[in-house]
Amino acid sequence: MEFQKNLLEYISQSLLTTGETISVVESVTSGCLQLAFSQMPNASLFYKGGMTAYTLPEKVRLLNVNKAEAEECDCVSENIVETMALNVAQLFESDWSIATTGYCTPIRNSSYKIFAYFSFAYKGEIIMTKKLELHPKTQALNAQLYYTEFILGCFKSEINQLLILK
């Protein structure tokens, strides 16, 4: 599995330049973002770590997701992913965090659609949350890889904006 080298290098260099750290919590991408961050140059200087919380009980137990709300939406909503992003940043004591949740295969709970929510938190605040939809015939691994690359691209844009404002 290969990620765009220039994208990884840009994110790495940006986090090194700002002296900031990041952590990741994944559900639908199931470790792909963690893999991408581990491939970045000097990752140990800014990447604090991550976790894959795939099931509702783990999201509730490890990330303080509201159980009743999670049961209502099958753990897939804007609010759930934002809660995940804020709480993983707190857990790892990182400046930035990325969270993902969603579906990579069409099932009844997703109305047979493939989509994901992702969220970025920065210094205790949500700065972006988006929903990403794919064609229902997309293969699961392709969906996970597409989500990962798309999210990394969005993260690059957010870092870039921050660097311009500094």
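**Aromatic pairs in a predicted model**

This predicted model holds 10 aromatic pairs.

User: What makes Trp96 and Tyr122 an aromatic pair that is tilted?

Analyst: Their rings lie 4.3 Å centre to centre, and the cut-off is within 6.5 Å, so they pair. The planes are 40° apart. Under 30 degrees would be stacked and over 60 edge-to-face, so this pair counts as tilted.

User: Why does the pair tie together parts that are apart in sequence?

Analyst: Trp96 lies in strand β3 (residues 96-102) and Tyr122 in strand β4 (residues 114-122), so the pair joins parts 26 residues apart in sequence.

User: How do you know whether Trp96 and Tyr122 are buried or exposed?

Analyst: Buried means under 20% relative accessible area. Trp96 has 1%, so Trp96 is buried. Tyr122 has 13%, so Tyr122 is buried too.

User: Why is the pair of Phe115 and Tyr117 called edge-to-face?

Analyst: The centres are 6.1 Å apart, and the limit is 6.5 Å, so the rings pair. The planes stand at 90°, which is over 60, so the pair is edge-to-face. Phe115 is buried at 10% relative accessibility, and Tyr117 is buried at 13%.

User: What makes Lys131 a charge over the ring of Phe115?

Analyst: Lys131 lies over the ring face, 4.4 Å from the ring centre. The distance limit is 6 Å, so this value passes. The charged end of Lys156 sits over the ring of Tyr10, 4.8 Å from the centre.

User: Which residues do ring pairs link into a cluster?

Analyst: The cluster includes Trp96 and Tyr122, along with Phe37, Tyr47, Phe118, Phe120, Tyr146, Phe150 and Phe155.

How values were computed:
Residues are numbered from 1 along each chain as its sequence is written. This is a predicted model: local features need pLDDT of at least 70, side-chain atom pairs count only at pLDDT 80 or more; totals for chains, interfaces and linings use all residues. Side-chain values use heavy atoms; hydrogens and water are left out. Rings of Phe, Tyr and Trp (its six-membered ring) pair if their centres lie within 6.5 Å; planes under 30 degrees apart count as stacked, over 60 as edge-to-face and the rest as tilted. Helices (H or I, at least four residues) and strands (E, at least two) are DSSP runs, numbered from the N terminus. Buried means under 20% relative accessible area, exposed over 50%, partly exposed in between (1.4 Å probe, protein chains only). A charge sits over a ring if NZ of Lys or CZ of Arg is within 6 Å of the ring centre and within 35 degrees of the ring normal.
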